[in-house]
Amino acid sequence: MKDVIIIGSGPSGLTAAIYAARANLKPLVLAGMERGGQITLTEDLENFPGFPEGIGGFDMYQLLEKQAIKFGAEIVYDVVTSVDLKGQVKKVKTADREYEAKVIIIATGSTPKRLGVPGENKYIGHGVSYCATCDGFFFSGKQVVVVGGGNSALDEGLFLTRYAAKVTIIHRRDRLRADAILQKRATENEKIEFIWDTVVEEITGDETVNSLKLKNVKTGAQTDFPVDGIFVFIGHYPNVDLFKDQVTLDEQNYIVTDRYTKTNIAGVFACGDVQDPVYRQAITSAGTGCQAAMEAEKYVAHMEGMAYPGK
Ligand code: NAP
């Protein structure tokens, strides 16, 4: 039986792995489908303390993983299919293995939301994207739309100006939610235009996207907007499907934790975006990963009747 299994390999999961490994808990990380999580979709992490020149999201993931392995974490590139968290011995299944552990740390992150309009699913990978870093290159010299008014929309919209001839940001209100610094950069960028108070009602095309049906939510006016690609950045869903019948969720489906990253189940901790609808930063995810590992250490010591050295 393992002391600690960590489900997820983003900044929260790998930070938990570093701390748990250094506490000699020999954690097993089940890395999941998207190794490294959402930071790997980020071209440049500019606000992670200690990197004044910024660091590539994928580079950050590789460094975190290397650091976790260096201290004794085991990383398995497998996807969890079910969990049984209720008993004192926690069970985790993948397609062909079953693991047992004293502690589970849930670090499964979140997934980008879809618009839910006709044509969206049909054109994913053919003009509809949720990742500028992954797909921006394919739109060199082209016209693209970004949907959303938050930090992601502006960050990714600015990134897309490296490739696209024009980036039109379509927002459903007339005020942005994004940080002031990003608003300033976007409004000053001559490749970026805004369309306010407008939603996308349909995505159309032939082999690939070539037009959007737009509606002004104030006037009701509908227009066709010719475009080569549409990037959607309208928020995220926490990845809780595996746990939702066992762990308490809030009204937005995020895992409820106390200030010590404890869930409603003893021995089950949650960290990173799966329990954070507010901050959702690489640094805050890493912070809660650290907390979860330190709490796991206390829990294991308590189970074994040992005094926790930090107490
Ligand atoms: P967000 O802050 O929740 O913003 C989502 C945006 O999409 C909002 O402007 C929202 O409009 C719009 N929206 C939501 N549902 C929509 C729909 N169905 N149709 C059209 N528009 C819709 O999400 P985010 O931008 O992904 O950011 C998430 C978190 O990550 C935030 O805490 C953010 O600060 C952080 N983040 C930080 C950075 C950075 O620091 N550089 C970069 C990326 C993300 P309303 O404004 O009308 O609600």
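Which residue stands opposite V200 in β13? In this predicted model, the residue of β13 that stands opposite V200 is L214.

**The sheet**

The strand β13, which covers residues 209-216, pairs with β12 in the antiparallel sense, and seven bridges link the two. Both belong to an open sheet of three strands, arranged in the order β12-β13-β14 with antiparallel pairing. Because β12 (198-205) and β14 (222-226) stand at the edges and have a single partner strand each, one side of each is left without a neighbour in the sheet. On average, and with direction ignored, neighbouring strands of this sheet are turned by 25° against each other.

**The ligand and its surroundings**

The ligand is surrounded by 20 residues, of which the closest are G149, N151, S152, R173 and R177. Helix α4 (residues 151-160) supplies the largest share of the shell, namely three residues, while domain 1 (2-111 + 236-305) and domain 2 (114-232) each contribute at least three residues.

| Residue | Protein atom | Distance to an oxygen atom of the ligand |
|---|---|---|
| G150 | backbone N or O atom | 3.3 Å |
| S152 | polar side-chain atom | 2.7 Å |
| V278 | backbone N or O atom | 3.3 Å |

Taken on its own, the ligand has 920 Å² of accessible area, and the protein covers 77% of this area.

Methods:
Residues are numbered from 1 along each chain as its sequence is written. This is a predicted model: local features need pLDDT of at least 70, side-chain atom pairs count only at pLDDT 80 or more; totals for chains, interfaces and linings use all residues. Side-chain values use heavy atoms; hydrogens and water are left out. Two strands pair if DSSP finds at least two bridges between them. Helices (H or I, at least four residues) and strands (E, at least two) are DSSP runs, numbered from the N terminus. Axes are lines fitted to C-alpha atoms, for helices over the stretch in contact, and angles run from 0 to 180 degrees between N-to-C directions. A residue is near a molecule or strand if one of its heavy atoms lies within 4 Å of it. A polar contact is a pair of N or O atoms within 3.5 Å; within protein, one must be able to donate a hydrogen and the other to accept it, and residues adjacent in sequence count only if both atoms are side-chain atoms. Accessible areas come from the Shrake-Rupley method with a 1.4 Å probe; for residues, only the protein chains shown count as cover. Domain bounds come from an automatic or database domain assignment.
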